[in-house]
Amino acid sequence: MRVLFAGTPETAVGPLNALVDAGLDVVGVLTRQDAPLGRKRIMTASPVAQRAEALGLPVVKANRYDDAAHAAVADLAPDVAGVVAYGAILPRRAIDLLPCGWINLHFSVLPQWRGAAPVQRALMAGERELGASTFLIEEGLDTGPVYGTILHKVGDEDTAGTMLDSLSASGGSLLAETLRDIENGRARPAEQTGEPTFAPKLSIEDGRIDWNRPAADIEAHVRGTTPEPGAWTLLAGQRVKMQGVYPVDSRAPSDSAAPGTARSEGRRVLVACGDGEVLVERIQPAGKKMMNAADWARGAGRIDQETVIFE
């Protein structure tokens, strides 16, 4: 069975490797076109394109599945495609082209969190167990029948970044297993059941911390927006990013300061929120690198010298 792989970001590289390592006949890769990267805006191939070239696989680059992309895919004559975050909508003619269809690895247990940011949205909602599914792509948004699922517990320090790494690794094995089952006639996809939830792409504004929320909600928000788009707040009108934000028992009563008010306690930086305080481990001031929050407090933060209120 001839397999096409469609994917673009670093998250999709592990699954591509998994298909190759499983001995599947990967005949080519479909990915997005080169994009400007870094301060110098150097045109750079996608992580999947770079890995495919290292493996000696033919690469089709297309931001839209247009006539040229369709012809290039048809020339590869795949029977089935494994898809991981390709980043473009597949039209009806693409779906109809492959005899065994396009099998997507989606980082949620469907029908939960359909859409572009399932891991981020699930963590922001406070979920402590995430998963991944393989399903047959239809014209609807992540609506097709499911072949298999896996589950992962969320660790105390996990973020969207670390969970995507974990799900990419184990999800790659799931995708390889699903494609092998299709090849051997063992696949038994099941229609999705239950009420769906949705996970639209995150914007920069989605990263802003609301200090009026309870501590647990703020923790979940920071987990889900780390590393992208990044959890942030304003200080004197400038954006400040934060990582490692956790609820904490502290001596200060919950109504001792307005939400967003920061204070230092030994080597801890605490910020008042809707129901108490949270501990902030790392802070990135505008134009600076991420640093230990206690170091920031003693230097640029000056928490002991003046009142610092995040907005």
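User: Ile150, buried or exposed, and what's the relative accessible area?

Analyst: Ile150 is buried, because its relative accessible area is 19% (buried means under 20%, exposed over 50%, partly exposed in between, with a 1.4 Å probe and protein chains only). This is a predicted model, with local features needing pLDDT of at least 70 and side-chain atom pairs counting only at pLDDT 80 or more, while totals for chains, interfaces and linings use all residues. Residues are numbered from 1 along each chain as its sequence is written, and side-chain values use heavy atoms, leaving out hydrogens and water.

User: OK, which strand is Ile150 in, and what does Ile150 touch?

Analyst: Ile150 is in strand β9 (helices, H or I with at least four residues, and strands, E with at least two, are DSSP runs numbered from the N terminus). Leaving aside residues up to four places away in sequence, Ile150 touches Val109, Leu130, Gly131, Ala132, Ser170, Gly171 and Leu174; contact means heavy atoms within 4.5 Å.

User: How far is Ile150 from Leu130, C-alpha to C-alpha?

Analyst: Their C-alpha atoms are separated by 8.5 Å, with the two residues 20 apart along the chain.

User: And how does β9 pair with β8?

Analyst: β8 (residues 129-136) and β9 pair in the antiparallel sense, over 7 bridges. Two strands count as paired if DSSP finds at least two bridges between them. Ser133 stands opposite Thr149 in β9.

User: Switching to β6. How many of its residues are buried?

Analyst: In β6 (residues 80-84), 5 of its 5 residues are buried. Val80, Gly82 and Val84 are on one side, with Ala81 and Val83 on the other.

User: Which strands does β6 pair with?

Analyst: β1 (residues 2-7) pairs with β6 in the parallel sense over 5 bridges, with Phe5 partnered by Gly82. β7 (residues 102-106) also runs parallel to β6, joined by 3 bridges, and Ala81 stands opposite Trp102 there.

User: Now α3. Which of its residues are buried?

Analyst: In α3 (residues 67-76), the buried ones are Ala69, His70, Val73 and Leu76. They sit on the same side of α3, because they cover an arc of only 120° around the axis; the arc is that of the directions from the helix axis to the C-beta atoms.

User: What covers them, and what's on the other side?

Analyst: The cover includes β1, β2, β5 and α4. On the other side of α3, Asp67, Ala68 and Asp75 are exposed.

User: Last one: what does the Glu277 side chain make a polar contact with?

Analyst: The side chain of Arg263, at 2.8 Å. A polar contact is a pair of N or O atoms within 3.5 Å; within protein, one must be able to donate a hydrogen and the other to accept it, and residues adjacent in sequence count only if both atoms are side-chain atoms. Glu277 is in strand β14 (residues 276-284) and counts as buried, at 6% relative accessibility.
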